[in-house]
Amino acid sequence: MAEAQGAVADALTQANTPAAITLVTGGVALLIVLAGGTPWRFARNVITIVHEAGHALAAVLVGRRLRSIKLHSDTSGVTVSRGKPEGPGMAFTALAGYVAPSALGLLFASLVGQDFITAVLVLVALLLLGVLIMVRNAYGVFTVVASAVVLGLVALVAPTVVQAPFVYLLTWFLLFGGVRPVVELQIKRHRRQARNSDADQLSRLTAVPAVLWVLVFVVLTVSCLVAGALWLLQPVVV
């Protein structure tokens, strides 16, 4: 009996090593993003929250007046700000959305690589609070509150052995999940279903073709994925 308990304890310890957590959570996140269907549609709400938060933060940084954020059940979203309708500030605001999930995933990967798990949870809480203050529709409030409940359960109720895998999974998901919407964007543009996308707005603001802005999104999101993966995979290769 004692030997069996010792074997179980050893198995749990091995499963909770950084290398095991990295590989398992990375595989799960990649599966969610690639599989699509209901899991992706459900999880994509997280990407939308961060996407709109990226627009909002960029708007504030360039001196625009943030008015509202709306999140919709089809996983789309809208951030409204007031200011000059053209110029570098407006372009930066339009650029920030698709890049935000990947950039946040890269930031989280750098923190996870230094074992700052709690810092990631705090940053997520601050992001959700900031979005909740500006959300102006019922579904948006529901989505943000539901995300906050999950975060609260993990941060305040779940044992420490659950917190690290959760943060790793979230980080991987932001890195992988930040790339897929860019691919979806170009597919919709090719079908003429996204004529007012961020890429098209940037094209009108800068006279640079929208397809080149999509390419910029691809380069930035993939670069964040590669750099973040290198940070996260350190325990595996060391």
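Biologist: First off, what is the mean pLDDT of the chain?

Modeller: Keep in mind that this is a predicted model. The mean pLDDT of the chain is 90, with 92% of its residues at 70 or more.

Biologist: And where is the pLDDT below 50?

Modeller: That's residues 4-15. Beyond near neighbours in sequence, the stretch has 3 contacts in the model. Where pLDDT is low, the predicted coordinates should not be read in detail.

Biologist: OK, on to helix 2. How many residues does it have, and how far does it reach?

Modeller: Helix 2 covers residues 18-35, so 18 residues, and spans 25 Å from the first C-alpha to the last. That is close to the 26 Å expected at 1.5 Å a residue.

Biologist: Which residues in helix 2 are buried?

Modeller: Ile 21, Thr 22, Thr 25, Gly 26, Ala 29 and Val 33. Looking down the axis of helix 2, the buried residues fall within an arc of 115°, so they line one face of the helix.

Biologist: Which ones are exposed on the other side of helix 2?

Modeller: Leu 23, Val 24, Leu 31, Leu 34 and Ala 35 are exposed there.

Biologist: What follows helix 2?

Modeller: Gly 36 does, and its phi is positive, near 70°.

Biologist: Switching to charges. How many salt bridges do you count?

Modeller: The count comes to 3 salt bridges. One of them joins the side chains of Glu 184 and Arg 44, at 3.2 Å from N to O. That pair links distant parts of the chain, with Glu 184 in helix 8 (residues 180-190) and Arg 44 in helix 3 (residues 37-61), 140 residues apart.

Biologist: Are Glu 184 and Arg 44 buried or exposed?

Modeller: Both Glu 184 and Arg 44 are buried. For Glu 184 the relative accessible area is 18%, which is why it counts as buried, the cut-off being under 20%.

Biologist: What else does Glu 184 form a salt bridge with?

Modeller: With Arg 180, where the closest N and O atoms are 2.8 Å apart. Glu 184 and Arg 180 are 4 residues apart in helix 8, so about one helical turn separates them. Arg 180 is partly exposed, at 25% relative accessible area.

Biologist: And which residue pairs with Asp 200 in a salt bridge?

Modeller: Arg 189, with the closest N and O atoms 3.2 Å apart. Asp 200 sits in helix 9 (residues 198-206) and Arg 189 in helix 8, 11 residues apart. Asp 200 is buried, with a relative accessible area of 13%, whereas Arg 189 counts as partly exposed at 22%.

Biologist: Which residues get joined into one network?

Modeller: Arg 44, Arg 180 and Glu 184, through salt bridges that share partners.

Biologist: Now the strands. In which sense do strand 1 and strand 2 pair, parallel or antiparallel?

Modeller: Antiparallel, over 6 bridges, with strand 1 at residues 65-71 and strand 2 at residues 77-82. Leu 66 stands opposite Ser 81 in strand 2.

Biologist: Which residue in that hairpin takes a positive phi?

Modeller: Thr 75, with phi near 70°, in the hairpin that has 5 residues between strand 1 and strand 2.

Biologist: I also flagged Asp 115. What is its phi?

Modeller: Asp 115 has a positive phi of about 65°, although it is not a glycine. It lies in the loop between helix 4 (88-113) and helix 5 (117-134). At a relative accessible area of 63%, Asp 115 is exposed.

Biologist: How about Ala 207, where does it lie?

Modeller: Ala 207 is in the loop between helix 9 and helix 10. Its phi is positive too, about 70°, and it is not a glycine. Ala 207 counts as exposed, with 70% relative accessibility.

Biologist: Last one, Leu 230. Where is its place?

Modeller: In helix 10, which runs over residues 210-232. Leu 230 counts as exposed, because its relative accessibility is 58% and the cut-off is over 50%.

Biologist: And what separates it from Ala 56?

Modeller: The C-alpha atoms of Leu 230 and Ala 56 are 29 Å apart, and along the chain the two are 174 residues apart.

Methods: Residues are numbered from 1 along each chain as its sequence is written. This is a predicted model: local features need pLDDT of at least 70, side-chain atom pairs count only at pLDDT 80 or more; totals for chains, interfaces and linings use all residues. Side-chain values use heavy atoms; hydrogens and water are left out. Helices (H or I, at least four residues) and strands (E, at least two) are DSSP runs, numbered from the N terminus. Buried means under 20% relative accessible area, exposed over 50%, partly exposed in between (1.4 Å probe, protein chains only). The expected span of a helix is 1.5 Å times one less than its number of residues. The arc is that of the directions from the helix axis to the C-beta atoms. A salt bridge is a side-chain nitrogen of Lys or Arg within 4 Å of a carboxyl oxygen of Asp or Glu. pLDDT is the predictor's confidence in each residue, from 0 to 100. Contact means heavy atoms within 4.5 Å. Two strands pair if DSSP finds at least two bridges between them.
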